[in-house]
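Trainee: I am new to this structure. Could you walk me through it, feature by feature?
Mentor: Gladly. Let us look first.

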Amino acid sequence: MTPEIELTEICIIGAGPAGSVAAALLRQQGRAVVVIEREQFPRFSIGESLLPQSMEYLEQAGMLRAVVEAGFQFKNGAAFMRKGQHTNFDFRDKFSTGWGTTYQVQRATFDHVLANEAERFGAQVRYRHEVTAVDLDVDHPVVTVKHPEGHSYQIEAKFILDASGFGRILPRLLKLETPSNFPVRGAIFTHIEDRITKDFDRNKILITVHPKHCDVWFWTIPFSGGRCSLGVVAETTYLDQYQGSDLERLQAIISEEPDLHHLLANAVWDTPARHIVGYSANVASLAGKGYALLGNAGEFLDPVFSSGVTIAFKSASLATAILKRQFAGETVDWQNDYSKPLKKGVDTFRAFVESWYAGGFQEIIFFPNQQAEIRRMISSILAGYAWDVSNPLVKDTARRLAALESLCTVN
């Protein structure tokens, strides 16, 4: 029996941040939008510390008020700790213009707020519907969807946006995946009632470096209500040394960092830990005939600088602007208009991620004699402004970062 076929203009796979923002922006253009989401919201996700650059895209999508009124933890910067050394960046003091503050969010609530906003703008969001096949060898793409009751149906769309995140639906179905050049890393994480009574800035994410391994680090993301997200990131060969449940493994590794262990001495570990492995991913192409990949569906680097949601929002903004031109009858070049501009910022983040794990960027941020102007340039990138080419560290990332590393690692 041939599945029923319905028509729409844009089919979005995934109702996470990229998908919801894209849906809202397309509804502003008057487009018919159907969002297919495999999970039932609210659902757990990591990527909980937003960057200020994200606020521009929430504002553009008309979602900012809903996010502000949700009561999330205010965030104005990032703090770093290594072997008793401390440094922090206030994102309000940065090179680039634009937002300097944002929020730290429980993603289950945050993503649901955004999806509800997309529906408020008129997008159809279908939870527990799963994309099982895609046909691009036709005039208009056809998506086959499994209904939660078990039967399948098809959607014929003029364009598909894949915002499926780590599900990476189109990369898998179209065989677009390519190996990442990063080592295979994993993360173990949980939420805790932190009960931190010591001097601790809840307005900043805390990133702590393992005292013996510069490529092992911890995140502590304060939430409102006295809770926080806590995780460790390392190569899987390191994580595999630890036995027991994910929670026991996480606690064992944290115990090796005395300052962090002391900070969390009164914590209530009331939530089972989870883990994710091999999250870094690349694709052969970010766009093709009838489709584009948004956010993590296209490429995910690493959680160290919390860039994932910002890249997701940036990709949604770029793609929907191109679709507006395309629907207006203009000839567009997805490679030059979408892939290259998006990858410029992604590659800036990539250079800083690589330098972090090699230890060079750590030497820069903990260097005792820092110049205020250089700090503001770094602060801008940590705040998400990786596309601001007026920043010398964006315009000429590799050379300038290497020069800073050389200056800061001189014995």
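Trainee: What covers the buried residues of α2?
Mentor: First, the ground rules. This is a predicted model, where local features need pLDDT of at least 70, side-chain atom pairs count only at pLDDT 80 or more, and totals for chains, interfaces and linings use all residues. Residues are numbered from 1 along each chain as its sequence is written, and side-chain values use heavy atoms, leaving out hydrogens and water.
Mentor: Next, the terms. Helices (H or I, at least four residues) and strands (E, at least two) are DSSP runs, numbered from the N terminus. Buried means under 20% relative accessible area, exposed over 50%, partly exposed in between (1.4 Å probe, protein chains only). Contact means heavy atoms within 4.5 Å.
Mentor: Now the case. The cover over the buried residues of α2 includes α3 (64-68), β7 (102-104), α4 (107-120) and α9 (308-327).

Trainee: Which residues of helix α2 are buried?
Mentor: Helix α2 spans residues 53-60, and its buried residues are Gln 53, Ser 54, Met 55, Tyr 57 and Leu 58. Just after α2, Gly 62 has a positive phi of about 80°.

Trainee: How many helices and strands does the protein have?
Mentor: There are 14 helices and 21 strands. The radius of gyration, taken over C-alpha atoms, is compared with a globule rule: 2.2 Å times the number of residues to the power 0.38. Here it is 21 Å, close to the 22 Å that the rule gives for 411 residues, so the protein is as compact as a globular protein of that length. Of those 411 residues, 57% count as buried.

Trainee: Which residues have the most contacts inside the largest nonpolar core?
Mentor: A nonpolar core is a set of buried Ala, Val, Leu, Ile, Met, Phe, Trp, Tyr and Cys residues joined through side-chain atoms within 4.5 Å. The largest has 117 residues, and Ile 12, Leu 161, Trp 334, Tyr 338, Trp 356 and Phe 361 have the most contacts inside it. Helix α10 (residues 334-358) gives the most to this core: ten residues. Apart from this core lies another, of 25 residues, including Tyr 238 and Leu 247.

Trainee: Is Glu 37 buried or exposed?
Mentor: Glu 37 counts as buried, because its relative accessibility is 7%. It sits in strand β3 (residues 33-37). Beyond its neighbours within four places in sequence, Glu 37 has contacts that include Gly 14, Arg 126 and His 129.
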